[in-house]
Amino acid sequence: MIWVIGAAGMLGSDILQQIKNYNLPVCATDQECDITNTQTVENFLQSQKISCMINCAAFTDVNGAEQQKEKAFAVNARGPEVLASAAQQYRIPLIHFSTDYVFSGNKTSPYLETDNTGPLSVYGESKLAGEKAVQENCSNYYIIRISWLYGVNGKNFVKTMLRLLAEKPEINIVNDQYGSPTSSLYLGRNIAGLIKNFSGQWGIYHYADEGIITWYDFTCAIQELGKKYGILSQTAALKPVSTGEYPTPAVRPAYSGFCKNKIIKVLGFTVKPWRENLEEIIRLLAG
Ligand SMILES: NC(=O)c1ccc[n+]([C@@H]2O[C@H](COP(=O)([O-])OP(=O)(O)OC[C@H]3O[C@@H](n4cnc5c(N)ncnc54)[C@H](OP(=O)(O)O)[C@@H]3O)[C@@H](O)[C@H]2O)c1
């Protein structure tokens, strides 16, 4: 039985659905099984015959983490530690997700799994601590770093922008942070495929949709496709601005493109152009 943890979240819900589509045996928990509580996790593992754990639970409020450091570290670092220790004890593989925000963004070419980390925010620090906890406490793990996640479920950039584009005549969008969107739905398909054919090859992997763009580029495409699929009727004026003109509590990396060669070659993941995946999600949101 595959255990999807944090299954009510954006990524967890897509992974759960994709595993169900493959007719694989699966169970799911969210807040009711608190990953920071060793006994709760232990009780769950004793109640089910679990063959694989997929941890999608996290504290994902990047700006909020600056004020709630303790909570961010509890869920993003202590939680993975508890899960990794349990995975080791029960000899179960653990799939865990991390983020491009573990990097400083000082590079100008795609980040490799072996590149030095250097988080700029509390969220990034807490996720990096979670990676280390997984590496130190279990041997059979995949840590998959992803960036700019969006999907049909949950709160995310695409849904926020579709709302703002419908409401406002003009929007300022940051045009000097470069990265890659990641469709939660398409990633979910890759994860379901991975579980069907576990190959070992444990370690850290980078994954995102193909193409490195700015938030401004992404928003232009969201508007174009939102109009194409009838979600938007008006055209808002989009104004490219610098990070300095749009300050946020958490500092983000200026560049966080990923090299995906390892996950493609070793784990057999497929990667689609970001715009194709965006079109699929907007089509689904249009209903
Ligand atoms: N979102 C992004 O842009 C992004 C980018 C890069 C990487 N990631 C990583 O991708 C993974 C999935 O992110 P996501 O956006 O799908 O997250 P999400 O939508 O915020 O989902 C996380 C889920 O975990 C639950 N949760 C929080 N604390 C928990 C605890 N102690 N025990 C059990 N469940 C708990 C949350 O419940 P509540 O909602 O009630 O708190 C939520 O249902 C995370 O590891 C995240 O760090 C996300």
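An axis is a line fitted to C-alpha atoms, taken for helices over the stretch in contact. The legends below use this term for a predicted model.

**Figure 1. Packing of helices α5 and α7.** Helix α5 covers residues 157–167, and its axis lies 10 Å from that of α7. The two helices pack at an angle of about 65°. Angles of 65 to 115 degrees count as roughly perpendicular, and α5 and α7 are therefore described in that way. Their crossing is right-handed. On the α5 side, the contact is formed by Val158, Met161, Leu162 and Leu165, while α7 contributes Thr219, Ile222, Gln223 and Gly226. Of the residues in this contact, 5 are nonpolar and 3 are polar, with no charged residue.

**Figure 2. Packing of helices α7 and α9.** Helix α7 spans residues 215–228, and helix α9 spans residues 274–286. Their axes come within 10 Å and cross at roughly 45°. Because of this angle, α7 is oblique to α9. The crossing of α7 past α9 is right-handed. Ala221, Ile222, Leu225 and Gly226 of α7 meet Arg275, Leu278, Glu279 and Ile282 of α9. The classes represented in this contact are 5 nonpolar, 1 polar and 2 charged residues. Ile222 and Gly226 of α7 also take part in the contact with α5.

**Figure 3. The open sheet of 6 strands.** The strands are arranged in the order β2-β1-β3-β4-β5-β10, and their pairing is parallel. At the edges stand β2 (26–29) and β10 (203–206). Each of these edge strands has a single partner strand, so one side of each lacks a neighbour in the sheet. On average, neighbouring strands are turned by 20° against each other, direction ignored.

**Figure 4. Pairing of strands β1 and β2.** In general, the strands of a sheet pair through backbone hydrogen bonds, in either a parallel or an antiparallel manner. Strand β1, residues 2–5, pairs with β2 in the parallel sense over 4 bridges. Val4 has Ala28 in β2 as its bridge partner.

**Figure 5. The shell of residues around the ligand.** Helix α1 (10–21), helix α3 (69–90) and strand β4 (94–99) each supply at least two residues of the shell. The element that gives the most is α1, with 3 residues. By class, the shell holds 13 nonpolar, 10 polar and 3 charged residues. Strand β4 also belongs to the open sheet, where its place in the order is between β3 and β5.

Terms used:
Residues are numbered from 1 along each chain as its sequence is written. This is a predicted model: local features need pLDDT of at least 70, side-chain atom pairs count only at pLDDT 80 or more; totals for chains, interfaces and linings use all residues. Axes are lines fitted to C-alpha atoms, for helices over the stretch in contact, and angles run from 0 to 180 degrees between N-to-C directions. Angles under 35 degrees count as roughly parallel, over 145 as roughly antiparallel, 65 to 115 as roughly perpendicular and the rest as oblique. A crossing is left-handed if the near helix is turned anticlockwise from the far one by less than a right angle, and right-handed if clockwise. Two residues are in contact if their C-beta atoms, placed from the backbone, lie within 7 Å. Ala, Val, Leu, Ile, Met, Phe, Trp, Tyr, Cys and Pro count as nonpolar, Asp, Glu, Lys and Arg as charged, and the others, Gly among them, as polar. A residue is near a molecule or strand if its C-beta atom, placed from the backbone, lies within 6 Å of it. Two strands pair if DSSP finds at least two bridges between them.
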